[in-house]
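This briefing walks through one protein chain, topic by topic. Keep the sequence and the 3D view open while reading.

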Amino acid sequence: PVSHQGIADCRRKRIFGKTLRIGYFGSWSMHKGFFDLLKACGRLREKGCTDLELHIYSGTAKRKECFVRNHSGFGQGQLAEVFDGIDVLAMPSRWPETFGLAALEAVSFGVPVILPEYAGAMDLLRADMRAGFVYDGTVQGLEETIRKIYDNRELLAQANAAILRMDMDFSYERHVRQILEIYRKVCATEK
């Protein structure tokens, strides 16, 4: 993945409390999976998962569900504060996006991510799939993934530990080297 030069390695061992704090960044769009996430969290709440909060960071109006914590948008200088306020970042997009910069930022702060299996940000997890949580892209799959984390917070600690072990070199130079290596392999097999 290629990112701008503003991604710094701020990983640290995280402490997870009684309440599962799920973060969501962005608009209330169907294609971003916002309503899938809202539905999954609502269903879990109805099933007795009362120590669950959905922290929504958006410039949109406020949600009124009892498990929602509304926040305004934020700037680059507030990333540490934002990531300190969540345990896991949900990126439930229905659209197979090429890459999510928010996933890279989350990992750079040691925060695991929840991703559908077709997300481009899966590239972050390929080195160690324990560094995040993958689901099948359905509301049911998202709900089951969150429930698994809710029932076993040790999974968050394991994901954080995997993130701490990851190679975090996302420089442009490394990206170019990786692309050149792919071309060399393709050209070698074509001969």
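This is a predicted model: local features need pLDDT of at least 70, side-chain atom pairs count only at pLDDT 80 or more; totals for chains, interfaces and linings use all residues.

Which residues does Cys10 touch, not counting residues up to four places away in sequence? Cys10 touches Ser108 and Phe109.

**Overall layout**
- Seven helices and six strands make up the secondary structure listed for the chain.
- Along the sequence, these elements follow the pattern β-α-β-β-α-β-α-β-α-β-α-α-α.
- The chain has 191 residues, and 46% of them are buried.
- Among contacts between residues at least 6 apart in sequence, 66% join residues at least 24 apart.

- In general, the strands of a sheet pair through backbone hydrogen bonds, either parallel or antiparallel.
- Here, six strands form an open sheet with parallel pairing, in the order S3-S2-S1-S4-S5-S6.
- Strand S3 (68–71) and S6 each have a single partner strand, so one side of each is left without a neighbour in the sheet.
- On average, neighbouring strands of this sheet are turned by 25° against each other, direction ignored.
- S1 and S4 run parallel and are joined by two bridges.
- Gly23 has Leu89 in S4 as its bridge partner.

**Helices against the sheet**
- H1 packs on the sheet and touches S1, S2, S3 and S4.
- The direction of H1 makes about 160° with that of S2.
- H5 lies across S1, S2, strand S5 (113–116) and S6.
- Relative to S6, H5 runs at about 150°.

**Nonpolar cores**
- The largest nonpolar core has 29 residues, and the members that touch the most others are Leu20, Ile22, Leu37, Leu54, Ile114 and Ile146.
- At least two residues of this core come from each of several elements, including strand S1 (20–25), strand S2 (52–57), strand S4 (88–90) and strand S6 (132–135).
- Helix H1 (34–46), helix H5 (139–151) and helix H6 (154–165) also each supply at least two.
- H1 gives the largest share of this core, six residues.
- Beyond its neighbours within four places in sequence, Leu20 is in contact with several residues, among them Leu52, Val88, Ile146, Ile149 and Leu156.
- The contacts of Leu20 also include Asp51, Glu53, Asp87, Tyr150 and Arg153.
- A second, separate core has 18 residues, including Leu89, Phe109, Ala119 and Ala121.

**Cys10**
- Cys10 lies in the segment before S1.
- Is Cys10 buried or partly exposed? Its relative accessibility is 33%, so Cys10 counts as partly exposed.
- Cys10 and Ala80 are 70 residues apart along the chain, and their C-alpha atoms are separated by 8.3 Å.
- One of the two residues that Cys10 touches is Phe109, which is also listed in the second core.

**His55**
- Strand S2 contains His55.
- The relative accessible area of His55 is 8%, so this residue is buried.
- Not counting residues up to four places away in sequence, His55 touches Arg21, Ile22, Gly23 and Tyr24, among others.
- Other residues touched by His55 include Arg69, His71, Gly85 and Ile86.
- Of these contacts of His55, Ile22 is listed among the members of the largest core that touch the most others.

Technical notes: Residues are numbered from 1 along each chain as its sequence is written. Side-chain values use heavy atoms; hydrogens and water are left out. Helices (H or I, at least four residues) and strands (E, at least two) are DSSP runs, numbered from the N terminus. Buried means under 20% relative accessible area, exposed over 50%, partly exposed in between (1.4 Å probe, protein chains only). Contact means heavy atoms within 4.5 Å. A nonpolar core is a set of buried Ala, Val, Leu, Ile, Met, Phe, Trp, Tyr and Cys residues joined through side-chain atoms within 4.5 Å. Two strands pair if DSSP finds at least two bridges between them. Axes are lines fitted to C-alpha atoms, for helices over the stretch in contact, and angles run from 0 to 180 degrees between N-to-C directions.
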